[in-house]
Amino acid sequence: MLEILIMLLQFHKTVTIEKLSSVFPQPIKFESRRRSIQRFLLLPQLSIQYLWFPVLKRWVKNSHIRADKKLIFAIDRTQWRSQNVFVISLIEQKRAIPVYWILLPKRGCSNLGE
């Protein structure tokens, strides 16, 4: 199911569950597909720690990052739609690869204490 969702996201470039449900290749009703996708995405195995950290670790180990090279991280707070997101990213070849992110419970900027 994860592979199918990733392929659909790459092709349709949308993240709404309704859109994914309408194009998901499963011979059941739309509402059942929507609930099935929702339940799947809530699985604890799809958390950042269990899914993304091992992928990132393997990428860093297998990539061209040398042992003597310093890793550069960026910390950023951004507004994405109505969500306030705090992100830590690894900078590699002028690209930011998200390492960890959390949704902040408030709107607007954060201060140093937070």
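**Overall architecture and a helix–strand contact**

Among contacts (heavy atoms within 4.5 Å) in the protein chain between residues at least 6 apart in sequence, 30% join residues at least 24 apart. The structure is a predicted model, in which local features need pLDDT of at least 70 and side-chain atom pairs count only at pLDDT 80 or more, whereas totals for chains, interfaces and linings use all residues. Residues are numbered from 1 along each chain as its sequence is written, and side-chain values use heavy atoms, with hydrogens and water left out.

The chain has four helices and three strands, in the order α-α-α-α-β-β-β from the N terminus; helices (H or I, at least four residues) and strands (E, at least two) are DSSP runs, numbered from the N terminus. Of the 114 residues, 21% are buried, that is, under 20% relative accessible area, with exposed meaning over 50% and partly exposed in between (1.4 Å probe, protein chains only).

One aromatic pair was found, a pairing that requires ring centres of Phe, Tyr or Trp (its six-membered ring) within 6.5 Å; planes under 30 degrees apart count as stacked, over 60 as edge-to-face and the rest as tilted. The pair, Phe53 and Tyr100, is tilted, at 6.0 Å centre to centre and 40° between the planes. It links distant parts of the chain, with Phe53 in helix H4 and Tyr100 in strand E3 (residues 95–104), 47 residues apart. Phe53 is partly exposed because its relative accessibility is 30%; Tyr100 is likewise partly exposed, at 32%.

Gln49 also lies in helix H4 (residues 48–62). Beyond its neighbours within four places in sequence, Gln49 contacts Pro54 and Tyr100.
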